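Morning, everyone. Today I'd like to talk about aromatic rings and their contacts. Here is the structure.

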Amino acid sequence: MEKLPGGLVSVAVPIPDNPLRYTLSYLIPGDHGLVVVDPGWDSDTGWDALVAGLKFAGATAADVTGVVLTHVHPDHHGLTARLRDASSAWVAMHPAEQASMLRNRETAPSRALGGWMRAFNVPEAEAGGLLSTFGSEADRHFAGFADADVLIEDGDLIPLPGRTLRAIWTPGHTPGHLCLLEPDAQLLLTGDHVLPRISPNIGLTFSGSDPLGQYLDSLAKVSAFDDCEALPGHEHRFRGIADRCAALTAHHHERCEEIVATVRRLGAPTIWEVAAALTWSRPWERIGPMKVGAVAETAAHVELLVNAGRLARSADGHVTDPSPQVTELSPQLT
């Protein structure tokens with residue numbers, strides 16, 4: 001727990017059995033009560049940490065008037081329903097986030113994930129294990145998520161009297177991801193959009209949109225708030241938003257070049273084959289269940305490159321380089 005400028009308080013809410021360790025939840029006081037941004041993962045340990053954080057801020061769950069979600073992943077949205085039930089608080093998120101949550105509830109993620117893996121040519125032997133790891137857990141999470149009472153569009157003010165807190169729509173990590181600007185204290189709550197060391201997962205999932213293109217545009221958008229201190233959803237607060245956004249942009253451009261080179265080398269690989277041939281933080285055979293995220297990230301980069309005309313994708317999921325290959329003549333032939 002930490003007291004921050006402007007009277008905000010950060011609370012580290014544990015994520016069980018996860019290398020991220022915790023989500024940073026933020027308590028923002030107003031004239032009457034307070035708002036909680038991203039309550040964290042749903043567990044008794046997480047709930048105890050959030051209650052302890054409220055006590056540290058001189059409050060209880062009954063003082064919470066609203067819950068704002070940067071996005072609806074379980075490590076951010078999991079405790080919302082429990083907090084709402086304990087406080088009668090309203091729940092706010094971007095309309096695109098509410099829509100994606102409802103889609104996942106109506107069409108079980110386990111079924112959608114199976115189709116997604118087939119589209120990217122994930123081998124059956126791999127797909128079964130990945131589906132058993134992610135499918136039923138995802139179904140359970142989305143079934144229990146709290147719906148929105150308040151929909152927050154880009155530029156809207158959060159309804160917290162006595163406090164200026166403006167929403168900035170930053171799609172990419174999810175379709176309706178929000179950052180929150182507190183201009184008086186010069187703070188930008190960045191959720192998972194900009195983290196100090198980690199590159200957030202930007203994956204092509206079930207929407208068919210261009211998440212990486214949106215993400216790069218969103219990075220440029222928040223670079224304008226370089227005078228603010230960043231309060232991210234994980235790790236630690238930091239300064240230098242513009243430099244961090246530039247570094248993340250460069251990382252994704254470098255990854256695009258690696259993918260183009262890999263496609264040229266392999267000829268006409270599938271998304272799975274491209275992902276397996278890329279450089280990761282550990283060898284491909286040791287990535288384990290995170291292969292789902294790796295394939296999603298690879299697919300997002302391919303989508304961006306297809307839209308730019310640098311790669312092409314066939315109906316059966318194979319990726320090719322449509323540009324003519326120019327072979328330099330050797331000095332002996334010139």
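**Rings and charges**

Let's start with two tryptophans: W280 is buried, and W284 is buried too. Buried here means under 20% relative accessible area, with a 1.4 Å probe and protein chains only.

A word on the source. This is a predicted model, where local features need pLDDT of at least 70, side-chain atom pairs count only at pLDDT 80 or more, and totals for chains, interfaces and linings use all residues. Residues are numbered from 1 along each chain as its sequence is written, and side-chain values use heavy atoms, leaving out hydrogens and water.

Now the pairs. How many aromatic pairs does a search of the whole structure find? It finds 3. Rings of Phe, Tyr and Trp (its six-membered ring) pair if their centres lie within 6.5 Å; planes under 30 degrees apart are stacked, over 60 edge-to-face, and the rest tilted.

Take W272 and W284. Their ring centres are 5.3 Å apart and their planes sit at 75°, so this pair is edge-to-face. W272 lies in helix α9 (residues 271–277), and W284 in the loop between α9 and α10 (291–307), so the pair ties together parts 12 residues apart in sequence. Helices here are DSSP runs (H or I, at least four residues), numbered from the N terminus.

Next, W280 and W284. Centres 6.4 Å apart, planes at 35°, so that pair is tilted.

W272 counts as buried, at 8% relative accessibility. W284 has 13%.

Last, charges. The charged end of R255 sits over the ring of W280, 4.2 Å from its centre. The charged end of K3 sits over the F56 ring, 5.5 Å from the centre. "Over" means NZ of Lys or CZ of Arg is within 6 Å of the ring centre and within 35 degrees of the ring normal.

Definitions and conventions: Helices (H or I, at least four residues) and strands (E, at least two) are DSSP runs, numbered from the N terminus. Buried means under 20% relative accessible area, exposed over 50%, partly exposed in between (1.4 Å probe, protein chains only).
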